[in-house]
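I opened a new notebook page for this structure. These are my entries, in the order I looked things up.

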Amino acid sequence: MELPAALRQAVDRLLEKVPLPDLKQAAKTLSDRYRAELRDGRLHMAQDMAVKAYLATRMPATYAAVRASLDALAEARPDFAPATLLDVGAGPGTVLWATSDLWPELELATLLEASAAVRKVGETLAADAITARTVWRAGDVTTDIADLQSAELVTCAYVLDEIAPASLPKMVDRLWQLTRDTLLIVEPGTPAGWLRILAVRAQLIAAGAHVLAPCPHEAPCPLKPPDWCHFSRRVARSRLHRLAKEAEVPWEDEKFIYVAASRQPAVFRAARVVAPPKSGSGKVVLKLCEANGSASERLFTKRDGDAFKVARRADWGDSMA
């Protein structure tokens, strides 16, 4: 999955004259902070160079993860077409771009972001391409969401890992209060990210939410450590991306986990492929999370007819009717 052409061109313009050594150093610092899940009171992207490093090395991957999560949400609720978006911890507008690409009829987007450097870049990227009225708000995701206006779609992507665990329940409760229809939370696809999503999922179910995706049920997660639920999207690296990360491979796999919860039940609910398919001659094995709350591997062979044809095309993260 690639960035929309307008976004890719806007990013290229911003990065055109950035010295490569500076970009490489900023990319390394940013990557180290993300991997360590640092919570030292400093913003990951407080400085302009850190924002540009994010654009070069992280935005394509986070966009792919967010867009895949939105696609799953839309599949579960094909009747849903939000006119309003509230994105908390918005970064340079990654969710805004993914939402606008999926739902061009979006009318109003409110984006809360603490970093002035990030807000400036986000406004620049969206200036001539996003048709929705876009309002950027300065603020911290844990202390400045009390007075925000509610929206049909509320999102929080790659943010919880930066928040002190003790602050998360209150924050999630406020996000749900602000949600008129559906809330989407996306996290890195690590065991720790999965545990955060499980806690959010349990809290939302207790508050009366309907889980839309990825789970086809509201039962406890059937996966147990050391296994964990996550998904992956392969992202092509641009030449600058490879140079900034000193990478040889022209692609990377972005691992992520998410939960989409709504005040409305899912219209479509089916088993989810929760691991890479195992294919062989005339057969495919899929690990499925089922609507009855269980998870197990299922073998499909040519004798299964149409079911085999569907299984053979299924990818990690897909739903299986």
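**Entry 1: a strand pairing.** I started with Thr182 and looked for its bridge partner in strand S8, which is Ser262. My helices (H or I, at least four residues) and strands (E, at least two) are DSSP runs, numbered from the N terminus. I count two strands as paired if DSSP finds at least two bridges between them. S5 and S8 (residues 251–262) run antiparallel and are joined by 7 bridges.

**Entry 2: what I am working with.** I noted that this is a predicted model, where local features need pLDDT of at least 70 and side-chain atom pairs count only at pLDDT 80 or more, while totals for chains, interfaces and linings use all residues. Residues are numbered from 1 along each chain as its sequence is written, and side-chain values use heavy atoms, with hydrogens and water left out.

**Entry 3: the other neighbour of S5.** I then turned to strand S4 (residues 151–157). S4 runs parallel to S5, with 6 bridges between them. Ala151 has Thr179 as its bridge partner in S5. I also traced the path from S4 through helix H7 (residues 168–178) to S5, and the three make a right-handed β-α-β unit. Right-handed means that, with the strands pointing away from the viewer, the path from the first strand over the helix to the second runs clockwise.

Is S5 largely enclosed, or open? I checked burial, where buried is under 20% relative accessible area, exposed is over 50%, and partly exposed is in between (1.4 Å probe, protein chains only). In S5 (residues 179–188), 9 of the 10 residues are buried, so the strand is largely enclosed by the rest of the structure.

**Entry 4: salt bridges.** How many salt bridges does the structure hold? I found 16, taking a salt bridge as a side-chain nitrogen of Lys or Arg within 4 Å of a carboxyl oxygen of Asp or Glu.

I looked up Arg67 and Asp101, whose side chains meet at 2.4 Å, N to O. Arg67 sits in helix H4 (residues 59–76) and Asp101 in helix H5 (residues 94–102), so the pair ties together parts that are 34 residues apart in sequence. Arg67 is buried at 13% relative accessibility. Asp101 is partly exposed at 42%. Asp71 joins Arg67 and Asp101 in a network of salt bridges.

Next I took Arg234 and Asp253, with their closest N and O atoms 2.8 Å apart. This pair links distant parts of the chain, with Arg234 in strand S7 (residues 231–236) and Asp253 in S8, 19 residues apart. Arg234 is partly exposed at 47% relative accessibility. Asp253 is partly exposed too, at 30%.

My last pair was Glu297 and Lys278, a salt bridge of 2.9 Å, N to O. Glu297 is in strand S12 (residues 295–301) and Lys278 in strand S10 (residues 278–280), 19 residues apart. Glu297 has a relative accessible area of 46%, which is partly exposed.

**Entry 5: cysteines.** I searched the whole structure for disulfides, meaning pairs of cysteine sulfur atoms within 2.5 Å, and found 0. For Cys156, the nearest cysteine sulfur is that of Cys215, 17 Å away. Cys156 is buried, at 1% relative accessible area. For Cys229, the nearest is that of Cys221, 5.9 Å away. Cys229 is buried at 10%.

Entry 6: My search used a 1 Å grid over the protein atoms alone: a cavity is a set of points where a 1.4 Å probe fits but cannot get out, a pocket is an open set with protein on both sides within 12 Å along at least five of seven lines, and lining residues have an atom within 4 Å of a point. Grid points are joined across faces, edges and corners, and a volume is the space filled by probe spheres set on the points.

I counted 2 cavities of 30 Å³ or more. The largest cavity has a volume of about 150 Å³. Of its 18 lining residues, Trp194, Pro214, Cys215, Cys221 and Cys229 are the closest to its centre. Helix H8 (191–206) and S8 each supply at least two lining residues. H8 gives the largest share, 4 residues.

The second largest pocket holds about 320 Å³. It has 17 lining residues, and those closest to its centre are Leu3, Arg8, Asp12, Pro60 and Ser238. Which element gives the most to this lining? It is H1, with 4 residues.
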